[in-house]
Structures are given as structure tokens and as C-alpha cells.
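Please take a look at the structure shown here.

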Amino acid sequence: MNDDAIRLVTIGRMLRRRGRLLTVLVVLGALTGFGASLVFPPRYTTSASVLLPGAWEERVLLTQAEIATSTVVTDRTAAELGWGGVDGEELRERVRAEVTDGNIIEISGTAESPAKAQRLADELARQFVAFSARIVDDTADPTAAAGPDRLRQMVLTTSRRITELADAADPGRTVESVQTRTELAKLRTALQEAVGKLSQADSNAAGSRLVVMGPAARPSGEAPPTRVQLIAAGAVLFFLLAVVGHLAAARGNRRPRSEREIAAALGSGLLGGVDVAARRGAHRPEGGGARHRVRRLLGLDTPWNAPAPPAAGDEASLGIRYRRVCGRIRDLVPGARRLLLVVADDDSVALRAAERLADEAGGDPLLRVTVVSAEAPLVPDRAEESGVLVVLSAGTRTAAELAGVAEACADAGHDVVGIVLADAVRTRPARSAGPPREAAAPALALGDGARGGVR
């Protein structure tokens, strides 16, 4: 797993072998999301729209949106609402204003209930419109406001004077008088058009004030993140963290698997390998206690990234390999009468291999199985043993644990004379023996005799 790419088959194997653990973590994540939803109460959001009539530049619209959520507006809104413990600074975190199409500023408010959210949005829009109108009134020049009225009065006075001059002129008796009356009429018409444009400009200026387009709608649902979203997010987050954690742990696994690395860690040579018929939970440790029961319940007592057991021969072919290893032991330690087989307590495959190896040896030499703790190995002191054989499964022990086993053997006065690797395999069922030929021959002879009697 260290150098292999992460493939879908790896994810599938992890989901299959760690299904119970992942289910527990998903439930724990959902409970965490539910607890977060209790800490953060549900919120409701609604919006009120404010129209800005006329032509506005984009930067001016953005400025108006900033004004809508300014401290002055939120302070006035908080004072008008009168909610206990809620000031303008806190309201600024609950409101938002953004420019939409059509010169419309959408003002949103968030509160603990739909009624409060609706009231907050409406009051904020009202205070924003009032504050904008006050800014326009405060910045307006009083003399400039009175100027159009005086100008309109002067235009009317001038128009009447033009009419009087036209009537007093010679009524069409000479060419000059006709031209004079025509010019005066044109001047009067131009003045009247100017008065009309001035009145239209005044009406446009009066209509350029901000307008609230209506009350905010009462929200019908919670604002995100809702309780359901928090629960789902917690479950997904814990699931992803579990998957990433498993993959990272598998990537960082530095347990020696090759024969050379294992031999170097134990300081001895490899005698050979034996196979153990795989069965359900073949890698499960046999220990008890609450910790082992919890690990067995969650499926943590078996390696999830271990490959599927390869196919092998039947039980008879497996016994040949055990006998070959026993022969190498006799050749390696000639005259040895007793050897110690050291097996870790959480390596059930190696334990089954050691027990069968002791049976196949037949007392020559006498092999005694000793189970030691994987975390703190303790080997019995040397008595009549001629050495120690370490039996283990490949990839189940770290280099430090193997070095600890070697140190425990040396501390007890034993020499590690060899290493036996055990591996779980799938065996073929033994063939059922057919009827012997000797038993079938008399039946055939009987049949021939019967046919001869008939003749």
C-alpha cells in the first residue's frame, strides 16, 4: 500500500471491511451536527426592496447599499426595535444590502423568528429611506431651492411685458412693426417652454427620492445552515475524515513485509514459509477483555488492507510444506532435543501455524509453543531449549516490535535460530475417494457368469 496508487478497489475493500466502524463514525458525526444545531438556534431571513427612481451610476448605487448597512442606520433601527441586548453593532452582523437589477437595493435581515426577521427588514428599509432623505435635505442649498421660484416669477413677468409691448406696437402698418411683433411672439414662446422644462425638472427632482416597494415577506423556512444540513454535514465530514485517515495510515504503514527486512529486524535467517487454511476471522486475535471485544465489534481486530488469501492446494499439500520446514530445522540444529516457538498473542494465523508445526515435528525435535505479548514480549528463561524459532505473519509486526521480540529472547538467554513465515490461503476441498477397483471386479465377474447361465 505504501507505493501503490489508491484505486477504487482499495476504497471498496475499506468500505467492506470497515463498514461497522464507518457506520458508527457517521452516526457520531450526525449527532455532532445535531448538537451544533442546538448550540446555534435556527435563523430566519427575509428581504425588503428599496427603489431608486431615475438614472443612477453603479458606484452611486453601491454607495447607497453601504449606507443601508451603516452604523447610523443600524443604530437607529436598533433603537426603534427596542430588542433587549441587541444594539446596532450586533444588527450589522444580521443585515445585508446588495444592488439588484432595475436600481433596486435588496435589504435582508436575519433573526431568531420569522416575525422578528420581517420586522427587522422592514424597519431597516424605512430607516435607510429616512436617512437618505435627510441627507438630501441637509445638503440642499436654501437659496438654490428658492431660486427656481424666483426665476419662474421673473419669466412670467417678462412674458406679460412682452405681451404689452406687442400690443403697444404699430399693429401691422409697417414692415418693421410686423417683424417686431413676430420676434416678441417667438421670445414669449421660448420663455413658456423654459417654464415648462423647469416645472418638469422640479417634478423629477421631487420623485428621485428612495421608495420602499412594500413590506418584507414573512419567511416560511429556516435560513441555511438548517438543522438537517448541519446533521448531514457532520455525517459526511466524519465519513470523509475516516476514509482519509484509513488511506493515510495505509500509506504510512512501514511494517516490513519482505523476508530480508524481517530477517534483518530479528537478526536471524528465514527457514521457510508455511500456509494456513483461511477461515472467517483468520487474523483475529484470541485475546479477551473489554478492549478486544470493542475492537472485534467494530472490526478493528483485522487489517482492512490485507489482500485476499491466495488459492492453494488441499490439506495434504499444506502438510508437505510443514514437513519440509521440520526437515530444515533438524538440519539447522542437529541434535536439538527441544526448541521454543515464539508467537505474538494477536497473530492467530501464526499461532495456528506454530501448533501444526509442533504436531508435524512429532517430537523430533520437541517444539513448545510460547505466546508473548506484542507490546511487551516476555520469553521464559532458557532451560533445556536449544534455541528459539519465531513464527509470524508477514506485515503484522513493525520493525520495532520485531526488535523487541529479539531482545526479549536474548534477555531470556535464547538464540533466535530461525524464522518461519505463516500465510493464510484458500484450500480446495479434498476429493472424495471413489469405490476401489477390487470391489468392482467381483460384480463384473458375477455378471459374466449370469450371462453364461442364461445361455
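The text below goes from the whole chain to single elements.

**Basis.** This is a predicted model: local features need pLDDT of at least 70, side-chain atom pairs count only at pLDDT 80 or more, and totals for chains, interfaces and linings use all residues. Residues are numbered from 1 along each chain as its sequence is written, and side-chain values use heavy atoms, with hydrogens and water left out.

**Whole chain.** The protein chain has 15 helices and 9 strands. Helices (H or I, at least four residues) and strands (E, at least two) are DSSP runs, numbered from the N terminus. Of the 455 residues, 35% count as buried. Buried means under 20% relative accessible area, exposed over 50%, and partly exposed in between (1.4 Å probe, protein chains only). Take the contacts between residues at least 6 apart in sequence: 83% of them join residues at least 24 apart. Contact means heavy atoms within 4.5 Å.

**Annotated spans.** An unreviewed UniProt entry gives "transmembrane region" for residues 21–40 and 230–250. UniProt positions follow the numbering used here, feature names are shortened, and annotations may be inferred rather than shown by experiment. The table lists what the model has there.

| Span | Helix | Strand | End C-alpha separation |
|---|---|---|---|
| Residues 21–40 | 95% helix | 0% strand | 29 Å |
| Residues 230–250 | 100% helix | 0% strand | 30 Å |

**The sheet.** An open sheet is formed by 4 strands, in the order β2-β3-β1-β4, with antiparallel pairing. The edges are β2 (95–100) and β4 (211–212); each has a single partner strand, so one side of each lacks a neighbour in the sheet. Two strands pair if DSSP finds at least two bridges between them. β2 pairs with β3 (residues 104–111) in the antiparallel sense over 6 bridges. Arg-96 stands opposite Ser-108 in β3. Helix α3 (residues 58–68) lies across β2 and β3, at about 165° to β2. Axes are lines fitted to C-alpha atoms, for helices over the stretch in contact, and angles run from 0 to 180 degrees between N-to-C directions.

**Helix α4.** In α4 (residues 71–81), the buried residues are Val-73, Thr-74, Thr-77, Ala-78 and Leu-81. Seen down the axis, they fall within an arc of 130°, so they line one face of the helix. The arc is that of the directions from the helix axis to the C-beta atoms. Thr-77 has a relative accessible area of 0%. Leaving aside its neighbours within four places in sequence, Thr-77 contacts Leu-91, Leu-120, Glu-123, Leu-124 and Gln-127. Gly-82 follows α4, with a positive phi near 70°.

**Helix α10.** Which residues of α10 (residues 259–266) are buried? They are Ile-262, Ala-263 and Leu-266. Seen down the axis of α10, these fall within an arc of 95°, so they line one face. The face turned away from the buried side carries the exposed residues Arg-260 and Ala-264. The cover over the buried residues includes β8 (388–393), α14 (399–411) and β9 (416–425).

α10 and α14 pack at about 45°, with axes 8 Å apart. That makes α10 oblique to α14. Angles under 35 degrees count as roughly parallel, over 145 as roughly antiparallel, 65 to 115 as roughly perpendicular, and the rest as oblique. From α10, the contact uses Ile-262, Ala-265 and Leu-266; from α14, Ala-399, Leu-402, Ala-403, Val-405 and Ala-406. Gly-267 follows α10, and its phi is positive, near 70°.
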